[in-house]
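User: I have a protein model open and would like to learn how to read it. Can we go through it in short questions?

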Amino acid sequence: MLNVLYLAGAMGNTVLEQRTGTRELEEFQGIILLKNQSKLLGNYLYVGMLADGLRLLEKCCPEIPVTMFLSAEDVNRVHLPEGTVHNFVVSALDIFDIYNRVNRLVQNYHYWSRTLLEMLCSGADLARILEHASQLLKNQIFVLNPGYRQVAGSSRLYFEEPLSRELLDHGWLSYESSLVLFPGNTGIPDSSCPRSAAASASGCQDHPYRKIITPQTVFHTWEIRRESAALATLLLPDGGNLDQVDVRHLLEELAAVTEHFLLTGQDAFLQQDALCAAFIRDIAQEQLTGADEIENRISFLPHALKPFAAFILVRFDKAQTPAPPYGYMLRMLGELFPHTNMAVYQDDIVILHTQQERPQKGLDFDYEKLDVLLKAHHAWAGISNASRHRVRLRTLYLIACETIRLGRFLHRKGLPERILSYEDYSLYYIVSLGAARFMEVHHHDDLIYLVHPSIIRICRYDATHKTNLRDVLFYYLLCGCSLNRTAAAMYMHRNTVLNKLNRINEIAEIPLEDGYTQQRMIMSCIIMRYYEDYMHLSIRL
């Protein structure tokens, strides 16, 4: 749609006064010189003298916007109407100069729209259309998917700019570079944005167009959406030669063409993504329970499943990352987990990882690369155990959820901080399930009634004397009653551990050689840690 403010801006410092009631000219037809018309129409632009324009305005319908470019030497004695839907631009130029200037802009407007339509009808693909558009503007243009990977774009740079160079060389933007385009970054609201002047500093949040100003470059972007999902973003870096171009109209027309290609050429992929997200949702919400029904839905997933399946949930720290980079993370995770079904569900990235063989020590992906990615973006990954029984997928999903929840609060020394595997926290999960049942039956949360009395005595001694005997006992039992391994795990001297164990034996008054007693004491320590570090309760002295 032709933008009135853009036309007014192109008149430069010759504008004496302007009033804008309706900024967009829908279904614009052409330019007419004011004479003695009996009726003024909303889909035309009128050029004439100020006195004629004000006189003919009295014949206009107050609800249908009329746009006039009027010539006058002085407007100090003339009161332009305010609070109407009509548009007035009063210029010091004469009628012929106004007409020529506006006509040139309108011709450019029509030429751009006509050229895109002709190329689309001639069968040109998106790459050729973008290439031609770049040549017309002498400026590079790119179409990026939600993961900031290039879908199509210019084959050359008309001016050097870091993001454009990165797209041309690699085909995608790094996370650091893509931050420039995030809605949370500082942007300058477009003056013609259809919202109030109190709009957010990041631009019009309900409008697809944004103008982003950085110290190096000005970027114009247009987000293409389908219902509530982002399909792609048009990126137009400003090389300084777009002053005489209606950038918003240009991007709007190009977005319509791009959306056509995305929906006709990639609709299958969009449908597959929707099927994957719906499958994960229905599994989590127990909408799929029967084996045949689950297998039927699996057959529609984008990627075939291998025999053994496990869920991996990636959860962001909202305090550190209030606006998680889901698109970028999905792309990076897609490289770590190729040919794997994944989607965003309840603010987590849910990965349905499958592999051919039953996992022994871990799943068959690169844990180190995943750990680096998680640390960089303040996220955790919870990993379930694996199963080939599809009817238990929901159990695997819930286990992955609980692994993140418990592992964040009850992290074990010597284990990865960001990758939390169920086998490392399975005892805590058992305690969590038992605690829920205990509180349901007993109507209180004093889990210490499940703990061995000797552990209670040691806990009270620690609280009174500010010692850590319970931790020493716990790691001593976990380390197979080895003094040397316990000393290494606790970062203590061997003799210090020995002295503490002697004190523990005096307090506990039970032998630690019996296997059952050792297991009982380990489980009691785990319950106490859950009680204190997860439930945030303290033992009553």
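User: Which residues does Leu473 touch, not counting residues up to four places away in sequence?

Analyst: First, a caution: this is a predicted model. Contact here means heavy atoms within 4.5 Å. With residues up to four places away in sequence left out, the partners of Leu473 are Ile455, Ile458, Ile504, Leu512 and Met521.

User: How many residues does the largest nonpolar core have?

Analyst: In soluble globular proteins, nonpolar side chains tend to be buried together. Leu473 is among the residues with the most contacts inside the largest core, along with Leu447, Ile455, Met528 and Tyr530. The size of this core is 47 residues.

User: Where does α13 bend?

Analyst: The bend in α13 is about 30°. The bend is at Tyr428.

User: Is Asp446 buried or exposed?

Analyst: Asp446 sits in the loop between α13 (422-442) and α14 (453-465). Leaving aside neighbours within four places in sequence, its contacts are Phe438, Tyr531 and Arg540. Its relative accessible area is 13%, and the cut-off is under 20%, so Asp446 is buried.

User: What is the C-alpha to C-alpha distance between His377 and Phe316?

Analyst: His377 lies in the loop between α11 (367-376) and β16. His377 is buried, at 4% relative accessible area. Phe316 is one of its contacts, as are Tyr175 and Met329. The two residues, His377 and Phe316, are 61 apart in sequence, but in space their C-alpha atoms are separated by 7.5 Å.

User: Why is strand β13 called largely enclosed?

Analyst: β13 covers residues 308-316. It pairs in the antiparallel sense with β15 (residues 348-355), over 7 bridges, and with β16, over 5 bridges. The rest of the structure largely encloses β13, because the buried share of its 9 residues is 8.

User: Which residue in β16 stands opposite Val314?

Analyst: Strands of a sheet pair through backbone hydrogen bonds, either parallel or antiparallel. β13 and β16 are antiparallel. Opposite Val314, the residue in β16 is Ala381.

User: Which strands stand at the edges of the open sheet of 5 strands?

Analyst: The order is β2-β7-β6-β5-β4, and the pairing is mixed. An edge strand has a single partner strand, so one side is left without a neighbour in the sheet. The edge strands are β2 (15-20) and β4 (30-33).

User: Which residue in β7 is the bridge partner of Thr67?

Analyst: Strand β6 (residues 67-71) and strand β7 (residues 87-91) run parallel. They are joined by 5 bridges. The partner of Thr67 in β7 is Asn87.

User: What is the phi of Gln346 near?

Analyst: Most residues other than glycine have a negative phi. Gln346 has a positive one. Gln346 lies in the loop between β14 (341-345) and β15, and it is exposed, with a relative accessible area of 57%. Its phi is near 50°.

User: At 27% relative accessibility, what does Cys481 count as?

Analyst: Cys481 is in the loop between α15 and α16. Cys481 also has a positive phi, about 60°. Buried needs under 20% and exposed needs over 50%. At 27%, Cys481 counts as partly exposed.

Methods: Residues numbered from 1 in each chain as written. Predicted model: local features only at pLDDT ≥ 70, side-chain atom pairs only at ≥ 80, totals over all residues. Heavy atoms only, no water. Pairing = 2+ DSSP bridges. Helix = DSSP H or I, 4+ residues; strand = E, 2+ residues; numbered from the N terminus. Buried < 20%, exposed > 50% of the residue type's maximum accessible area, 1.4 Å probe, protein only. Core = buried A, V, L, I, M, F, W, Y, C linked by side-chain atoms within 4.5 Å. Bend = angle between axes of the 7 residues up to and from the residue.
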